[in-house]
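I opened this entry to look up helix packing and charged side-chain pairs. My notes follow in the order I checked things.

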Amino acid sequence: MFNSGYNSSRHQSQYRPPSSRTPEPRYGSGRPGYPQAQPGFQQPYGPPPGSDPQLWQWFSNVDSDRSGSITVIELQSALVNGFDLDTVKMLMAIFDTDRSGTINYTEFAGLWKYITDWQNVFRHFDRDRSGSIEGRELAEALQSFGYNLSPQLLSLVEHKYSSEPASGYGPPPGITFDRFVRACVSVKSLTESFQRVDTDGDGWIQISYDHFMNVKNLKKFLVFFGLTDLLSVRLF
């Protein structure tokens, strides 16, 4: 038997994890906003029709090779609020819908809206306006999403994503915005994976060792909460 540590009951709230759905390109399957290129034809470099001029400017500023797509390092430089590389890689994985290893302008526009939506959530739960999320604020945020983690799991999440206490320069203590996004997305992903196996919704699962080892996100769950020793133990 394995307990998730979450309460499966949910309550209604106006706050939900922002959607990561990316808008579809307007034409074809090439650069967003342009028909697919014909052999021997060089696509013009410029904003797609109807694009936001400011957003295109930010995108083109970091698209240094004018390829029409940006890498994870270029994306990190576009996110000026000090996003750590792990969070940038997570965002890239979510919005790189064609699995090219880069994101084009349409994917970038979806990512930018996603971050803006998360900023609104962060500001709402940063009650003391400290610029970081601490234990009680984190609990309120996760509960508003329907994730009622036990105090022990909340403590683990807070410890995993909190910045070191600031002395002079550096981020404030607690969970900074970029880490808050990563924490919430991780909890959401892991909870949804657990719920797919928890078919009766009681917060407990019983599965065979072989099944467990083949459930990718359950292994991530153990890594996330520092329970990797269980991966080498035959449970049943």
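I began with the buried side of helix H5, which spans residues 135-144. Its buried residues are Glu137, Leu138, Ala139, Ala141, Leu142 and Ser144. I am working on a predicted model.

Next I asked what covers the buried residues of H5. The cover includes helix H4 (105-125) and strand S5 (148-149). It also includes helix H6 (151-161) and helix H7 (177-197).

I then looked past the end of H5. Gly146 follows the helix, and its phi is positive, near 95 degrees.

I checked the record for this stretch. An unreviewed UniProt entry carries the annotation "domain: EF-hand" for residues 50-85 and 113-148. I took residues 113-148 and looked up the secondary structure: 64% helix and 3% strand. The end C-alpha atoms of that stretch are 27 Å apart.

Salt bridges came next. I counted 6.

Arg127 is partly exposed, with a relative accessible area of 41%. Glu140 is also partly exposed, at 24%.

Glu140 has a salt bridge with Arg136 as well, at 3.3 Å, N to O. Why is this pair separated by about one helical turn? Arg136 and Glu140 are 4 residues apart in helix H5, and therefore about one turn lies between them. In general, an α-helix has 3.6 residues a turn, so residues three or four places apart point the same way. Arg136 counts as exposed, at 55% relative accessibility.

I moved on to Arg182. Its side chain meets that of Asp84 in a salt bridge of 2.9 Å, N to O. The pair links distant parts of the chain, 98 residues apart. Arg182 is in helix H7. Asp84 is in the loop between helix H2 (72-78) and helix H3 (85-95).

Are these two buried or exposed? Arg182 counts as buried because its relative accessibility is 13%, and the cut-off for buried is under 20%. Asp84 is buried too, with a relative accessible area of 18%.

Last, I looked for further links around this pair. Asp84, Arg179 and Arg182 are linked in a network of salt bridges.

Conventions:
Residues are numbered from 1 along each chain as its sequence is written. This is a predicted model: local features need pLDDT of at least 70, side-chain atom pairs count only at pLDDT 80 or more; totals for chains, interfaces and linings use all residues. Side-chain values use heavy atoms; hydrogens and water are left out. UniProt positions are given in the numbering used here, feature names are shortened, and annotations may be inferred rather than shown by experiment. Helices (H or I, at least four residues) and strands (E, at least two) are DSSP runs, numbered from the N terminus. Buried means under 20% relative accessible area, exposed over 50%, partly exposed in between (1.4 Å probe, protein chains only). Contact means heavy atoms within 4.5 Å. A salt bridge is a side-chain nitrogen of Lys or Arg within 4 Å of a carboxyl oxygen of Asp or Glu.
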